[in-house]
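Please look at the sequence and the fold below, and then read on.

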Amino acid sequence: MEPIEDPTPAAEEISAEQAVTDVPISNETNAATVAASQPPPPLPPTSPPTTPAKKRSLGKIIGLTLLGLITIFAIGIFALYSTGKRRLQTAPAVTGNPVAVPTDAEAIERGQRLAQISSCTGCHTGNLGGEIFVNEAPIGYIPAPNLTSGTGGIGADYSAEDWELAIRHGVAQDGRTIVTMPSDHYAHYGDDDLGDLIAYLQQVPAVDSDWGPRDLQFGGTIIFGVLAYDSWAASSVDHAAVGGAAPAAEITVERGEYMINISSCTSCHAENFAGNAGQLDSPLGPNLTTITNDWTFAEFNAALQTGQTPSGTVLSPEMPWPLYSSMTDVEAEAIWEYLQTLEALPDNTN
Ligand code: HEC
Ligand code: HEC
């Protein structure tokens with residue numbers, strides 16, 4: 001192994017070499033001036049004459065390599081951006097699983113209840129007129145659009161097939177990949193329930209409010225279109241498996257799991273229910289895996305109906321209990337049955 005050279009003699013060698021190569025191409029006067037003002041330092045006796053040239057080419061190689069790496073990095077980032085942009089603008093081709101949509105008043109009423117339980121009215125607001133959902137760097141602008149048939153709303157142009165595709169598959173009518181909306185959970189919607197929900201959506205009173213199109217920034221495009229892409233329903237849902245009948249409305253673990261899916265509890269309490277410690281970009285829902293040891297069903301049901309906890313506090317509306325208050329006792333107890341099946345886990349940490 002060669003000993004590592006001290007940097008000082010190396011610098012001297014370069015200036016000596018520059019002086020040597022400068023002199024022959026200059027005219028006599030300049031050469032004399034240079035010689036007078038900067039007498040070339042003598043070549044260090046130990047340096048063989050070929051070393052400076054080698055050093056220079058090594059420097060050049062390092063410089064070019066760095067430039068190359070920076071270029072490759074820039075091209076790579078731009079390629080990620082382009083990939084992200086394409087994937088977000090054009091979701092994978094998905095064949096929907098259309099449902100029959102009833103028109104009777106009872107169906108519409110059931111649909112209204114489902115719009116609450118699924119928090120459609122949380123993110124798209126109570127009258128479904130929409131609002132700004134995200135508007136911050138480095139993500140960009142994402143409205144939760146106006147779902148009604150009013151000005152700026154999507155409702156007038158949405159067919160029953162379009163609704164199904166957006167809700168259960170995460171693909172908007174214009175073909176873009178829907179981000180942040182929990183369609184990966186809504187993918188579990190039973191056909192009858194979804195028919196009721198669409199029946200409600202199709203006749204909801206028109207609201208005029210235009211929030212404009214989604215406008216993701218450079219960073220947001222890479223984050224949503226590449227890094228988090230696999231979490232959006234359009235890419236993560238097994239589209240062919242979507243559809244069918246919901247588990248019967250009884251106090252069973254299956255019905256509980258279904259209710260948990262269509263109300264998207266895990267969006268804030270984490271997929272393993274052990275609490276969101278900040279991994280999900282949503283409110284910090286606490287660990288629910290131990291709650292069945294600490295609470296009774298009556299206490300749990302009271303929390304969903306009124307926000308009241310056994311310790312006497314009222315849950316913040318970040319926990320959408322005002323929307324869950326429209327759950328029936330059977331639905332709440334089915335969820336309770338499901339929570340019993342969870343292994344007690346320590347709180348998730350970041
Ligand atoms: C967590 C918030 C959230 C919830 C809950 C939610 N949405 Fe959305 N929804 C959004 C956002 C944000 C967008 C726009 C996403 C985008 O542009 O990528 C969206 C987009 C949509 C679209 C596509 C509209 C278009 O531009 O073509 C439809 C349809 C829709 N939502 C319906 C619903 C329905 C029905 C429900 C309830 C079952 C629901 N949403 C629940 C946030 C939500
Ligand atoms: C949009 C986010 C969000 C969703 C969806 C959500 N939660 Fe929560 N949940 C929270 C937050 C935040 C808290 C803590 C509120 C507080 O302490 O004031 C909470 C608290 C709770 C609590 C009280 C826990 C305790 O130890 O005090 C229960 C029970 C609960 N959620 C059950 C559920 C169930 C069941 C669902 C689905 C039907 C659900 N949550 C869906 C955000 C959410």
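Two strands count as paired if DSSP finds at least two bridges between them. In this predicted model, β2 (residues 140-144) is joined by five bridges to β1 (residues 131-136), with the two strands running antiparallel, and three residues lie between β1 and β2 in the hairpin that they form. β2 also runs antiparallel to β3 (residues 215-216), to which two bridges join it. G140 of β2 has E136 as a bridge partner, and L216 in β3 is likewise a bridge partner of G140.

| Strand pair | Bridges | Direction |
|---|---|---|
| β1 and β2 | five bridges | antiparallel |
| β2 and β3 | two bridges | antiparallel |

The core draws at least three residues from domain 2 (105-241) and at least three from domain 3 (253-340). Leaving aside residues up to four places away in sequence, I335 touches G256, M259 and I260.

How many of the 12 residues of α8 are buried? Nine of them are, so that this helix is mostly covered, and L197, I198 and L201 are among these buried residues. The buried residues of α8 pack against α4 and α6, while the helix itself reaches 16 Å from its first C-alpha to its last, close to the 16 Å expected at 1.5 Å a residue.

Methods. Residues numbered from 1 in each chain as written. Chains lettered and ligands numbered in written order. Predicted model: local features only at pLDDT ≥ 70, side-chain atom pairs only at ≥ 80, totals over all residues. Domains from an automatic or database assignment. Contact = placed C-beta atoms within 7 Å. Helix = DSSP H or I, 4+ residues; strand = E, 2+ residues; numbered from the N terminus. Expected span 1.5 Å × (residues − 1). Buried ≥ 20, exposed ≤ 12 C-beta atoms within 10 Å, placed from the backbone.
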